[in-house]
Amino acid sequence: MTLKDKLAAQRIYILLGALFITSLVVSNLIFQKFFYWYPFDIEIFGNKLFEISVGILPYPITFLITDLISEIYGKKRANDVVITGIFASLFSLLIIYTASNVPATSWSYVKDHMFNTVFGNSAIAVFASMLTYLFAQFVDIQIYHFWKRLTKGKHLWLRNNFSTWFSQFVDTLTIVTLLCSFGIIDWVNFKGLLISGFLFKVIIAACDTPFLYLGVYLFRKRFNLKVNEEIDLL
């Protein structure tokens, strides 16, 4: 690979990392709001399918990006992005904590109570949510490369879905437990939200598989990569 190609691959890697970090930070800031999507008239333990957190919306982007980076740039580069996401998440939490302790002016459109209701009342829950989600990302990367080694770079759909399903169950279970433990939602909604959240992520993981195939195809065509070949950045 020429120096020009390596520089192009590095720029793409930085762009993918920026998209990952943005999606990660946003998902952890908005997760306390819930919405509904009722494609089927089904109730699970008293909850409609699907009643889920809006924080789930950026999730497909983050797992698609880490799988794409894992496939093209390798395990170390995928882990580097997740570690960077940890620092970005902690830094954003520090900014929010500082902002919540600065008193609002009398004419401020957003009052202290409003701001703290959205951001300040659950700092511990948000912190725990961030760490849990990042742990799920590490699990996803580990499982992805386990299947990649086992299949010798073939059956992309297998490692994409299996790694995401397992890591997302871990993430969904922990997040819903935290939300209930900190009183953000009632325990009576625990089972329904757990199953709805996990099934939603399974569906999304299946839907993003064609996009992963497309991304891998474009990378291999642009950089003349063979099956299971990874880009070694500068």
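**View 1. T177 in helix 6 of a predicted model.** T177 lies in helix 6, in a structure that is a predicted model. Helices (H or I, at least four residues) and strands (E, at least two) are DSSP runs, numbered from the N terminus. T177 is partly exposed, with a relative accessible area of 27%. Buried means under 20% relative accessible area, exposed over 50%, and partly exposed in between (1.4 Å probe, protein chains only). Not counting residues up to four places away in sequence, T177 touches W187 and F190; contact means heavy atoms within 4.5 Å. Y217 is 40 residues from T177 in sequence and 39 Å from T177 in space, C-alpha to C-alpha.

**View 2. Helix 2 against helix 6.** Helix 2 spans residues 59-72 and helix 6 spans residues 156-181. The two pack at an angle of about 135 degrees, with axes 11 Å apart. That makes helix 2 oblique to helix 6. Angles under 35 degrees count as roughly parallel, over 145 as roughly antiparallel, 65 to 115 as roughly perpendicular and the rest as oblique. Axes are lines fitted to C-alpha atoms, for helices over the stretch in contact, and angles run from 0 to 180 degrees between N-to-C directions. From helix 2 come Y59, F63, D67 and E71; they meet L156, R159, N160, S163, T164, S167, Q168 and D171 in helix 6. By class, this contact has 3 nonpolar, 5 polar and 4 charged residues. Ala, Val, Leu, Ile, Met, Phe, Trp, Tyr, Cys and Pro count as nonpolar, Asp, Glu, Lys and Arg as charged, and the others, Gly among them, as polar.

**View 3. L16 in helix 1.** Helix 1 (residues 3-30) holds L16. L16 counts as buried, at 11% relative accessibility. Beyond its neighbours within four places in sequence, L16 contacts I65, L68, I69, Y73 and F219. V81 is 65 residues from L16 in sequence, yet the C-alpha atoms are 8.9 Å apart.

**View 4. S23 in helix 1.** S23 is also found in helix 1. At 11% relative accessibility, S23 is buried. Leaving aside neighbours within four places in sequence, S23 meets P58, I61 and T62.

**View 5. Two cysteines, C180 and C207.** C180 is buried, with a relative accessible area of 4%. C207 is partly exposed, at 45%. The whole structure has 0 disulfides (pairs of cysteine sulfur atoms within 2.5 Å).

Residues are numbered from 1 along each chain as its sequence is written, and side-chain values use heavy atoms, without hydrogens and water. Local features need pLDDT of at least 70, side-chain atom pairs count only at pLDDT 80 or more, and totals for chains, interfaces and linings use all residues.
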